[in-house]
Structure formats: structure tokens, C-alpha cells
Amino acid sequence: MTAPHITIIGSALAGNKGASAMLESAIQTLSPRVPGVSFTLLSMYPEEDRAQNSYDNLEIVAAQPRQLGVTINSLALLYRILPPLRPLLRQRSKAIGALAKSQVLLDQGGITFTDGREKFLLYNVASILPAMFVKTPVFKCAQAIGPFTNPVNRRAARFFLPKVHTIVTRGAKTHEFAEGLGLKNLVAGADYAFSLELDGTEHDEVAKQFDLSFFEAGTVVGLSPSVVLQKKVDARDGDYIGQTADFVTHLLQSGRKVVLLPHSARDGSTKTHNNDLPLCREISERVGAHKNLLFIDKELPSQQLRFIIGECDLFVASRFHAMVSALAMAVPTLVIGWSHKYQEVLEMFDAEEWAMPHSEAELGALVKRFEELSEARTEVAASLQRHLPTVRRRSLAQADLIAKIVTDGAA
């Protein structure tokens, strides 16, 4: 029996804490299901990920976009067509070595093969093609795919997605898009981050950095802005920073407390990819200092962010996995989104009425919907609690599917 090994791509420890939540959920759920399993993460941010890696069974291997698209894919193609080179390629390339010894590749891209995101299509393909060349099964963890009306995206999806071993759809709309494409390798699931467990140290770790007495009195509203949404709003001549700052000001003037929380953050970087910190700093500066405004002004682990979100009474999310954490902690949440991926998750909780497309989230409408959520807070929280066990079971089910592939492959 060969040693069980899993390679993962599309997630990270650093930067986007939704990606971190998916990665850590996989490690948490698969380690007890597959004794002795080890993992390799093909990382877009290898140095940052190594600095944050606390898992003894996780190795970080560099796979930045250019390196992945050119070097790793080329070496994988050579591995496929020139068998005599395989021992050398396994030895000289950590990425090829990891894929070759893995029983499965987990693709944890949150949204792939989707109309309107054609600029990411090459990366979507490059993420799974090396495993296909090496003949390692590809398992797409719960994610959004589709729609497929764009001819380029549709052709790519129709060619590559049937070759994937299993695609876990993250909601009803994604499942509908996938079935419409004729895919048969589908399992209806829920986002892997719903399986993330807190370890009990979060309170003390957060308390070392922030005064948690902030949450002891009054109504606390968490807010997670998104630089992705900022670009979409500003592209239609909106003012995302000004609008968000005005909303925070409204909350403060209403007597509430506000936690400004970047759910995607890269300390020490001014780049905005997977980094809402610069955006949140601008919003905080626009609002001005206030005793009832707490700015989480640093990169925190995904579990600590989930703990903070769970301390809030209400939440307003634009980052997808900030929404997931709020739902996982049964915090009534108003979602301002840009894709079907938000709506289909809210539907699992019968909470889809609390989704707003960004095109409709002008300040007046946003305040109105938030105040309606605030009035319905008790009923919404109860509904979230009622649906959580089912959603968590759907999330955990993919761990059992992956474990079977690994165990069968190792045998």
C-alpha cells in the first residue's frame, strides 16, 4: 500500500481567508479519515504560506501563475508523453513529484469556468491540466461554476469539466448550470468552509491584539468590504469607499458599534489582489476615529476571523467567505454580492431575501434593507440555526468522497 497523499490547488493560508478556511477544512476533515495522509499545496504565495503554515503534514510548493501555466504544465506534458523521463521529473520538480504520488488533486478554486471571468479561464485550466497529464484524479471541491453562455468559456468547460473525477456544486444554481452543460460527474454539496472547526484558542489569541470588551454591550455590526466589489461599483461610476463610509457613519449615528473586518488581507502589501486591507484603511480614514468603530487592521487566521464574526449581532458581507463564516456562526447577514454564488448559498438557509446585487445597493436602499434585517434579527438567527446542521452535513460529505478516492488509490 502506498502512502496516502493529496495535492491541493486554488487555496492558500495567506491572503484570502476564505481560501484558508477551505484549505484548513480539508486538512482538518481528511487527516482523521485517512490516517497518515500528507498534503502538498501548490501555492500562489509560497513564502507567505510557508510563514503561516502550522501543519506538520502540509508542504508548500511554489506555483505562481506564470510558473504554473508555463513550467509546471510543460513538465507535466513531458511526464505524459515521455515515460523514460518520469523518474527525473519526479525528482527535479516538487510539483510533479507531488502530483505523481498523490491519489487525488483537490481543486479549491471558489469560482471557476464562469462567464464574465474569462481572464481567469487560463488559470482555471492550468490548475487542473497537470494532474490530468500525470493521470491523477481531479476532485473539484464545492465551488461555483457557470453560467456557460460565453462561447470561449462554454467550449473550455465542455472539454475539461467532463474529465474531472468529481465536481461538487456549491448550490442549486451552479448545479443547474452544470446539468445544463450535460455534466454527469456532479455531487450537490456545500462550501467546504462550513466544515471549519474552531480550536478554542481564538478568544485568547484575539484578545492579545484587540479589546474584546468592545463586544460586551450594545449592538455590534460586522462589515466585510471587498476590493472585487469596489472595482465593479467604481467601474459604473459609483463611489464604493464613500458609500461604505457613509453606511458606517449611519450605523454609528444610530448608536450601534461597527467592526470593520477585512476577510482577505496581506500584511505589508499594498497590492489589492486578495487584499482588502488598503480598502478598509481608506474607509476607516473616511469615517474618522470613533470609540464605537473597531478596525481589524491586520491579517488574522481564518478561525480567529470566524470567532470575531461570531461575536457580532448582525453582519454585512461582500466577501463571499465572510458571509460563509457569518452563516456558520448563525449571525443574521445582509449580503451585497456580484454573482449567483452568494444567492445559492443563502438559499440553503432560506435567507436569499437578504441578498442585494451591488447595482441596487445605493446608500438609501442599503440602509432600508439593513434596518429590515435588524427588525427580523431574532427570526433570522433562529432560521440560520435550524438549517446549519444540514448544510454542515452537505459540506462534510465531500470529505468522505475524497477519503474514499485516496484510500482506494493508495490500496
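Analyst: The account below starts with the helix, moves on to the loop, and then turns to other backbone features. The model is a predicted one.

Helix H14 covers residues 320-328, and Phe320 belongs to it. Phe320 has a relative accessibility of 4%; buried means under 20%, so Phe320 counts as buried. Beyond its neighbours within four places in sequence, Phe320 is in contact with Arg170, Asp191, Lys341, Tyr342 and Val345. Lys341, one of these partners, stands 21 residues from Phe320 along the chain, with 8.1 Å between the two C-alpha atoms.

The loop between H14 and strand S15 (333-337) contains Ala330. Ala330 is not a glycine, yet its phi is positive, at about 60°. With a relative accessible area of 10%, Ala330 is buried.

Asn274 sits in the loop between strand S12 (264-265) and helix H12 (277-287). Its phi is also positive, near 55°, and Asn274 is buried at a relative accessible area of 17%. In the loop between strand S7 (138-145) and helix H7 (151-160) lies Pro147; the peptide bond from Gly146 to Pro147 is cis, with omega near 0°. As background, most residues other than glycine have a negative phi, and most peptide bonds are trans.

How values were computed: Residues are numbered from 1 along each chain as its sequence is written. This is a predicted model: local features need pLDDT of at least 70, side-chain atom pairs count only at pLDDT 80 or more; totals for chains, interfaces and linings use all residues. Side-chain values use heavy atoms; hydrogens and water are left out. Helices (H or I, at least four residues) and strands (E, at least two) are DSSP runs, numbered from the N terminus. Buried means under 20% relative accessible area, exposed over 50%, partly exposed in between (1.4 Å probe, protein chains only). Contact means heavy atoms within 4.5 Å.
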